[in-house]
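Please consult the sequence and model shown here before reading the points below.

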Amino acid sequence: AYLRAFQRYFPDPLHYTDTARPLLELGAAACQPLLVDHIGRILGWNPYQRVSNIRILGSLLDRTGGSVALFHRSALDWLADPERSGDYFVDPEQGHRVLAEAGWREFQVDFVSMSAYMSRWLPTHLAIAKRRDDLVTCITDAPYIRRAFLEGRHFELTPFWQDAANHQFRETCKYSYDKLADSGGVTADLYEAARAIGGLFQACG
């Protein structure tokens with residue numbers, strides 16, 4: 001059924017490669033529905049491309065509240081199987097690499113203005129994309145941890161803190177906290193960061 005649908009939507013596989021596959025890669029890797037505007041920024045689409053490239057997938061997408069997700073899990077399973085999907089194959093790991101790079105750019109520019117999606121899910125994409133050094137930088141960053149603390153989800157970082165007992169890991173955390181303190185961070189910010197980091201070490205150390 002999916003093969004017939006994709007052949008109907010995309011009789012030209014090259015057109016599919018240029019338009020739909022990049023979006024489907026993101027959908028296959030995303031941890032929650034992505035905002036249409038965010039997809040456009042990640043893929044470098046202008047407003048016209050966003051509208052046309054999303055519309056062409058029709059009923060295969062669930063579009064709710066400005067967000068987009070693949071409608072059926074079975075569609076993801078089919079797309080990720082090259083034996084069944086053929087020319088329409090989608091590699092979820094490529095989606096994770098694209099999301100990891102996009103999120104890392106947001107993190108480097110200004111973690112405060114990071115999108116809500118990347119603020120929560122960047123560590124997951126960095127881990128799956130095997131960007132170990134960038135992952136450690138992210139999850140030991142005091143301002144990033146503080147934001148997670150304020151949003152009530154800093155303990156979501158515990159799966160990535162396997163090295164919490166490692167001396168170098170601890171020193172990296174300390175360096176990031178000291179950097180925040182040296183930058184003139186207000187007392188409340190430092191207290192919140194310290195509570196969050198301390199809680200993670202207690203949970204994982």
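Leu122, Pro123, Leu126 and Ala127 of helix H8 meet Asp134, Leu135, Cys138 and Ile139 of helix H9, where contact means heavy atoms within 4.5 Å. The model is predicted: local features need pLDDT of at least 70, side-chain atom pairs count only at pLDDT 80 or more, and totals for chains, interfaces and linings use all residues. Residues are numbered from 1 along each chain as its sequence is written, and side-chain values use heavy atoms, with hydrogens and water left out.

**Packing of H8 and H9**

- By class, the contact of H8 with H9 has seven nonpolar, no polar and one charged residues; Ala, Val, Leu, Ile, Met, Phe, Trp, Tyr, Cys and Pro count as nonpolar, Asp, Glu, Lys and Arg as charged, and the others, Gly among them, as polar.
- H8 (residues 116-128) and H9 (residues 132-139) pack at an angle of about 160°, and their axes are 8 Å apart; axes are lines fitted to C-alpha atoms, for helices over the stretch in contact, and angles run from 0 to 180 degrees between N-to-C directions.
- H8 and H9 are therefore roughly antiparallel to each other; angles under 35 degrees count as roughly parallel, over 145 as roughly antiparallel, 65 to 115 as roughly perpendicular and the rest as oblique.
- The crossing in which H8 passes H9 is left-handed, a term used if the near helix is turned anticlockwise from the far one by less than a right angle.

**Packing of H11 and H12**

- An angle of about 170° is found between H11 and helix H12 (residues 187-204), with their axes 10 Å apart.
- That makes H11 roughly antiparallel to H12.
- On the H11 side the contact is made by Phe169, Arg170, Cys173, Tyr177, Leu180 and Ala181, and on the H12 side by Leu190, Ala193, Ala194, Ile197 and Phe201.
- These contact residues divide into ten nonpolar, no polar and one charged.

**Packing of H2 and H7**

- The axes of H2 and helix H7 (residues 92-109) cross at roughly 90° and come within 7 Å.
- H2 and H7 are therefore roughly perpendicular to each other.
- Glu25, Leu26, Ala28 and Ala29 in H2 meet Pro92, Gln94, Gly95, His96, Val98 and Leu99 in H7.
- The contact of H2 with H7 has six nonpolar, three polar and one charged residues.

**Largest pocket**

- The largest pocket has a volume of about 220 Å³.
- A pocket is, on a 1 Å grid over the protein atoms alone, an open set of points where a 1.4 Å probe fits, with protein on both sides within 12 Å along at least five of seven lines; lining residues have an atom within 4 Å of a point.
- A volume is the space filled by probe spheres set on the points, which are joined across faces, edges and corners.
- Its lining consists of Thr137, Thr140, Asp141, Pro143, Thr172, Tyr175, Ser176, Lys179, Leu180 and Ser183.
- Helix H11 (residues 167-182) gives the most to this lining, with five residues; helices (H or I, at least four residues) and strands (E, at least two) are DSSP runs, numbered from the N terminus.
- By class, the lining of the largest pocket has three nonpolar, five polar and two charged residues.

**Second largest pocket**

- The second largest pocket holds about 170 Å³ of space.
- Of the 17 residues that line the second largest pocket, Gly27, Ala30, Val68, Ala69 and Leu70 are the closest to its centre.
- Helix H2 (13-29), strand S3 (67-70) and helix H5 (73-79) are the elements that give two or more residues to this lining.
- H2 supplies the largest share, five residues.
- The lining of the second largest pocket divides into 14 nonpolar, two polar and one charged residues.
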